[in-house]
Amino acid sequence: MTNALENLVLGFAWFSLAYFLVLNTTYLVLIMLAAFDSIDAARGATFAGHDDIFHSPLAPPITIIVPARNEAMTIVGCVGGLLHLRYPEFEVVVIDDGSDDQTFERLRDAFDLVEIPRVIRDDLPIVGLVMSTHSPRDRTDLLVVRKESIGRPADAVNLGINAARNPLVCRVDADSYLDDDALLAVAKPFVEDPQNVVAAGAAIRVANGSKVYEGRVVDAHAPPGWLARIQAVEYLRAFLLGRAGWSRLHGLLFVSGAFGLFRRDLLVEIGGMDTGSEGDDVELVLRLQHHLRRARRRYRVAFVARSCCWTQVPSTYSVLARQRRRWGQILAEALWAHRTMFVNPRYGFMGLVVLPYYLVFELLGAVVELAAFPVFILGMALGTVEPSLTLLFVVIGFGYAAFLSIMALAIEELAYPRYRGWRDLWLMFLAAILENLGYRQMYAWWRLRGVARAVRGHPAKWLPESTATAA
Amino acid sequence: MPFQDTTLLVTVMIFGAVTALGIVLMIVMHKVGRHTGDRRRSHADDAVRPILLQVVADDRIAPAALEARGSRGRAVERVALAFLAQTRGEAHELLAQLLARRGFTARMIRQASRSGWHRRGRAAELLGVIGSPDAQRALERLVLNDRRPEVRVVASRALGLVGTATAASTLLRSLDQPMPVSTGIIVAALLEVGPESIPALRAALHSRSTNSVTQRVVAAEALGLLEATQAWPDLVALISDTNLEVRVSAVRALGRLGVPDAADAVSRCLQPDEPLAVRAVAARSLGRIGDPRSVPFLASSVEERDYWVAHRAAEALAGLGTAGSDALSRLAVSPGPASMHAREALAYATLLPVGYLSWIPVVTWTPPPSPPKLDSKHPVSPGKPTE
């Protein structure tokens, strides 16, 4: 019996080593690919021609959808910032999803809203009743729609898609801030390849601690507090460079919920966001790709690292835990809903590599992340695992991961520098190392709980604080 | 199976730590280098700016600008390019001449045929700013032959900046290439060319080349945006084209021209047997033309079940003075979906609170059926279908 336990422990130890080696090497490959992408982007920055799009009368018009529930604190700054973005033609549609606070009143006072009987199409089914529609007296391209809440943002986003009058739609969270030319950058793939590009995502960065003026991040700083700082490094590695790497391989599975641009006609074609499940953009983008690949239509999901959206991340453990549980649940539900794509040659690289990667490393990998360390300690106690093997595990599991985060910081600093101060840089380096000491394990635990909630069919809800962003 | 090879482990650890340290040092050096480089360039530019201002003011190339070498020479070229982008006429020619005599233009032309795509792209951008005949020839080669789409995009934009009739013809010809750049970029470049491009555009309306549909679409859009009123008979003729996209572009262009003589032809596009895309664009164009004789046609279009036809027609009526407003007021009290569009258009036109319209009885509105699904085998560009 003891012998069997020893073999089991040793076997799992070697399996964990192999797992972390493959996981981190995959990330290394993605970061290297993102580095090539960054070099290309940096070299081409001088002739990217964003100003030409700004002056072009043929730039595709965009509707920015802002679903908002109890966002009285941030909504006016957010909408004000959006209305001043640099883009030739766009409208902002705010969906007030049954807010109990002063969200609507603040908008009404700030933008001098009057009630207008706007005709909203019924391209997508809406569950919550539309109560009223409002526009500013000075004809600013802003529409505020008040609706009853059903407790799910998907319904609000679908209503925004119905209300949108432009061929491209972009969802932005009420607690997010866009760079001045974020729309110009994210619309560029649609201008240059209008036949194939169906969606485009942007880099998501952490706004905590940065100076925000009139809805713009004007002075970026490393966030205060280690929890937010670690998330800032994580966002850089996973949501900036990881996605840029996947995009280079034409395997970008998700576009961030905080800021993504889509073709409206295709969103209508696939039935919009799923209000029956937890939904969210993760499921939406996966369903869009599933639909297009099944129909054997050519398409491209682009990622624009230069375009940037700043978002507030949770600064307390309890809120972070809720957010990450939600992410775990969303991912599990989305992968389950599209299980027919797995290891299916019909879906090409997406079905054969990307989806299995997400299942093994992003979802089920949480088990290995959590169990590995106790197993090594147990192995050492039983005498079956050599201290040198444990050290190797620490090097591969944690050292390698910290090295990757430092590489991500380096690429970010070389290609898209945002932090001007030396202090910010040092703090971010320290956060890259500290991320592996406790944070990753906690995230694995929350992810597992999210998967468990998905298995139980537990409904997830709007997060009341500004934390609902699915990055 | 214990892990015994501690030497390998230590080597891996040392290698990792050294590499990480190397990366940190690289970042530090890059950050410092960027700051000092920016400062140095800024100082050098400040030093040569008066010399170039003098070139522009005196209409004469100063020897100091011509003979500067090294970092000072690079500063002269940087500042000259910045001035070039902001000047026209003699000053522009003088600065272009300065760059040509310094050998900068020849260097860029050589760079335009180098292997790295970013070098060719950068060269294309700068050649567009210089805009000399030599630069134009190099750009035409890039627009028509470069293998990288990114370079063809930059070269197309740059060729637009050159602004000659030949540039316009080349841009239109580039649409015949196997993988042309997107039509939006070519139209934007043609708009940069300006009125010089109008003869080539009018000729392209009758094009029967390989990619003639795209050429006709681009030509119609550009003529409309250039407000080339002399082209309205050609565009009216294009309304009966066999291709739907061409027809939509022609009707849209006629709206942008705003020639009242075209109103009858555009009004005919509102007939119920016309495709919905054509009708929606025609309604908007009639609003832009602003001929009150269109009111009856537009009023009947507001009753159309298609959202865009009804919406654009109501919007157009709101801009047609008293006759349009009267028609909208009548529609606002009528039963059916037209009343919703009419009420919205009236409300937006006056921007009165909805309460002011409370005398209008509330009507039940049955939403129109969902639009037909796209053909799954032929993805359709989002374009501007709503106009």
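Buried residues account for 45% of the 387 residues in chain B. The model is predicted. Chain B holds 20 helices and zero strands. Take the contacts in chain B between residues at least 6 apart in sequence: 64% of them join residues at least 24 apart.

**A helix pair in chain B**

Helix H9 (residues 165-174) of chain B packs against helix H10 (residues 183-193) of chain B. The angle is about 170°, and the axes lie 10 Å apart. Angles over 145 degrees count as roughly antiparallel, so H9(B) is roughly antiparallel to H10(B). H9(B) brings B:Ala167, B:Ala168, B:Leu171 and B:Ser174 to the contact. H10(B) answers with B:Ile186, B:Ala189, B:Leu190 and B:Val193. By class, this contact has seven nonpolar residues, one polar residue and no charged residues.

**Where the chains meet**

How many residues does each chain put into the contact? Chain A gives 52 residues and chain B gives 53 residues.

Which of them gives the most? H12(A) does, with twelve residues. By class, the side of chain A that touches chain B has 25 nonpolar, eight polar and 19 charged residues.

**Helix H13 of chain A**

Helix H13 of chain A covers residues 422-456, which is 35 residues. At 1.5 Å a residue, H13(A) should span 51 Å. The end C-alpha atoms of H13(A) are 47 Å apart, which agrees. H13(A) also bends, by about 55° at A:Asn436. After H13(A) comes A:Gly457, whose phi is positive, near 75°.

**Helix H5 of chain A**

Is helix H5 (residues 153-163) of chain A enclosed or open? Eleven of its eleven residues are buried, so H5(A) is largely enclosed by the rest of the structure. To count as buried, a residue needs 20 or more other C-beta atoms within 10 Å of its own. The buried residues of H5(A) run from A:Pro153, A:Ala154, A:Asp155 and A:Ala156 through A:Val157, A:Asn158 and A:Leu159 to A:Gly160, A:Ile161, A:Asn162 and A:Ala163.

Technical notes
Residues numbered from 1 in each chain as written. Chains lettered and ligands numbered in written order. Predicted model: local features only at pLDDT ≥ 70, side-chain atom pairs only at ≥ 80, totals over all residues. Axes fitted to C-alpha atoms, helices over the stretch in contact; angles between N-to-C directions. Helix = DSSP H or I, 4+ residues; strand = E, 2+ residues; numbered from the N terminus. Parallel < 35°, antiparallel > 145°, perpendicular 65-115°, else oblique. Contact = placed C-beta atoms within 7 Å. Nonpolar A, V, L, I, M, F, W, Y, C, P; charged D, E, K, R; others polar. Expected span 1.5 Å × (residues − 1). Bend = angle between axes of the 7 residues up to and from the residue. Buried ≥ 20, exposed ≤ 12 C-beta atoms within 10 Å, placed from the backbone.
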